[in-house]
Amino acid sequence: MNYQMKFKHFVLFALILLSGNVNAQVEGRERIRELNHGWRFSKDFNQTGMERPQFDDSAWRIVDIPHDWSIEDLPNQSDSVVGPFDKNAVSGFNTGFTVGGTAWYRKSFQLNRVDKGKIVYLCFDGVYMNSDVWINGHHLGNRPNGYTPFYYDLTPYLNESGKDKIIAVEVKNEGINSRWYSGSGITREVWLEVVPTVHIDVWGVFVTTPTVRKDIADVLLSVTINNSEEKDKTVDLEIELIDAKGEIVATSENSVQTVANKKSVVEKLLTVSNPVLWCPDSPNMYQARVRIKEKKKNSDTVIIPFGIRDVNVNAENGLTINGIPTLLHGGCIHHDNGPIGAIDIERAVERKLEILKASGFNAVRTAHNPFSRTFLNVCDRMGMLVMDEAFDMWNNKKTEDDYSQYFQEWYKRDLTNILLRDRNHPSVIFWSIGNEIRERVDSLGYATRHQLKEIVKSIDSTRFVTEGINRTPKWEKRTPEAFADLDVCGYNYQWNRFEEDHEKYPDRVMVTTESYPNQADQAWPFVEKLPNVIGDFVWTAVDYMGEAGLGVSEFFNEPGKRTTIEWPMYNANCGDIDLIGNKKPQSYYRDVVWGRSKIEMFVRKPIPDGQYEFESWWGWPDVHRSWSWPGMDGDSLQVEVYTSCETVKLFLNGQEIAKQQKPDDGITVSFKLPYQQGKLLAIGYNNGKQISSTELVTTGKPVAIRLVADRSTIKADRNDLSYVRVEVIDADGKVVPYVNDIEVEFFVSGNGALAGVGNSNFVDVSSMQQFRKKVFHGKALAIVRPKGGSGTIVLNAKADGLKSDSIEIKAR
């Protein structure tokens, strides 16, 4: 390859990397990202005709897409309406007392003269929910599902070039339609694809790697070419595979005869020598550049990122990736991004996955709906394995107004779109077709499951079909038929059946698709022991809004007694990671279970006299990684040590005060001791030899605020964020963990804005968009978002009686 060719390929690859995904304009295919900006929005209206081009929307608010109106502050704030939360919200605790409703979006755009005669697709990655879309007053269609991607062909309805085109979208999030926080609106990206009349179909390239060896890999591409002309046409199809260095490693070019007004499928097998494989620890990516040429000129181009990897599952060897046994350290997650709601911003996704990877997770389950293409792009890049889940219900409803009422009409189209969009992501290794389906073990469920599996296999036979199945009456008689259509059998909260089912069904591959966090030490040994149990997905890896109070720990006057979940709870509070990204006690517990740590120590909050602590199945004791308990000198405190060591000794201010053996049936060692300020040290021993230690030190009084940005330099792009930890610290710079009532005020100047604020208090129903927030356990979070141009953003924080702090963030 000569220098000019190398330079050309380098520049192309650099542009791909800078784009962050395949949304940027790439040669003959145009994707206009500007459709994410400058939408007119209205939720409060008493008008009609909002779909008409001539409608006057000048008084409407301007918003950027992705957008979620349910995270925004409600009007008429009061004791029962606080921030985005309404005590009387129709969905109540299901959606965390947030509000849906109906709203409209409108957007004008223009096409260039060079686009005359081309096909124009309007693409949505997800609109929650029940969206109706118009172009220039023409109704394009309705999509009830709020999580699936879809697109419309605008071509027949476009007026002449140079004139504004008006998109109108009505979104109806009405009734009780979700069991968790869904958000409301156009929560994911929107873009146009402008293509020639003979073009590569939307989601029309499928890349698989049927043969993967150390020295060679076969890469099979299936390309769907759409000829929308009235005559047959011959075009050239060129394929180039590009490695991470920008070098072309395989090529193919041949003529293709396309048929008028039909789609043609062309398959090409290419070979890559000495492939660099994709795996969770080394997520190496390639690009497939697929071109259509007419008269030797580039006409249409699509670039598909992909990974070369070999994934196998069987009962003898479990899950292997490139021949290497892989256990799934998994977590279920919902799609919301905490203080910014359901807004799908790449950096929010990236940070969440960074935190999960740092906490030992290598797999996520998209519970219980497909996530965005942005999410999967980041999973590819970071090496996070994905169980891509389609549905939370089939024919039988779980809430009054949920997707079940649309299922029979829409499941084929929705599932097909999910599969076509997501099938090139190397991170996706399972297709999950359902979760805790009501009809899971009756004739309707058996028939539906089979139909869904057949759709999956007809589109992608390279991955494995699973489903999360919860407890059923007469499990041993009814589940064999339910599991018969599944490649991998998902057990929700049934890990205690693994050993028995391993004996009964030695060829069955099993995975815990959901498990209780406090049973990790009981469930995980089966993953390590039994070859056909491939992993465990905890409910949940990250806290989320909605299902309020699911993981609550509360004090009551009677043992085993609790009140109903009620206002002002809004957060499920059952995650290993809290709503703003901090590790919770169960995450440290899991570190010990997974062998990432030998010893961790916590102190249980004292239970008031005459009361009892209630822990839900998904909950955790009210313990704290703290030895700072003001006003409790001399009081007895319970210290809990999670450890894999045989023996634990406690030392208080240098003096040994207790020693205990780890129980045979668990990893928790408990001590009772009087509180005394200073340093509490726990040391773990095996056979009398010190293995590991951990300590807690009493903090001083709060004196200052400290701001710590996750990144001080970010992209000058609305799709980027800087997450700033807000900490109340003592004179030695230690976070003061008992502070819960200090309110911090924020001030932002320069070329940025505050995207959201938050803490981890699951009953703090205050605004997530105002410039103030109380800390919880001495911590809060401020999220800064660029306005779009380069410059410096300054965030200042102050609170009464404390030294203030400021931080600079550069947007480039």
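This is a predicted model: local features need pLDDT of at least 70, side-chain atom pairs count only at pLDDT 80 or more; totals for chains, interfaces and linings use all residues.
## Nonpolar cores

The largest nonpolar core takes in 103 residues, and the members touching the most others are Leu328, Leu353, Leu356, Phe375, Phe391, Phe430 and Trp539. Helix 4 (residues 404-422) gives this core its largest share, 7 residues. There's also a second, separate core of 28 residues, with Ala103, Tyr105, Phe109 and Val120 among them.

## A look at His334

His334 sits in the loop between strand 25 (328-333) and helix 2 (346-358). Setting aside neighbours within four places in sequence, the contacts of His334 include Trp180, His368, Trp539 and Glu547.

## Salt bridges

The structure has 55 salt bridges. Take Arg347 and Glu350: their side chains pair at 2.7 Å, N to O. These two are 3 residues apart in helix 2, so about one helical turn separates them. Arg347 is buried, at 3% relative accessible area. Both residues also belong to a salt-bridge network with Glu346, Glu354, Arg381, Asp710 and Lys715.

Further along, Arg604 and Glu640 meet at 2.9 Å, N to O. That pair links distant parts of the chain, with Arg604 in strand 34 (residues 599-604) and Glu640 in strand 37 (residues 636-643), 36 residues apart. Arg604 counts as buried at 15% relative accessibility, and Glu640 does too, at 6%. Then there's Lys583 with Asp591, whose closest N and O atoms are 3.0 Å apart: Lys583 is partly exposed at 27%, whereas Asp591 is buried at 5%.

Methods: Residues are numbered from 1 along each chain as its sequence is written. Side-chain values use heavy atoms; hydrogens and water are left out. A nonpolar core is a set of buried Ala, Val, Leu, Ile, Met, Phe, Trp, Tyr and Cys residues joined through side-chain atoms within 4.5 Å. Buried means under 20% relative accessible area, exposed over 50%, partly exposed in between (1.4 Å probe, protein chains only). Helices (H or I, at least four residues) and strands (E, at least two) are DSSP runs, numbered from the N terminus. Contact means heavy atoms within 4.5 Å. A salt bridge is a side-chain nitrogen of Lys or Arg within 4 Å of a carboxyl oxygen of Asp or Glu.
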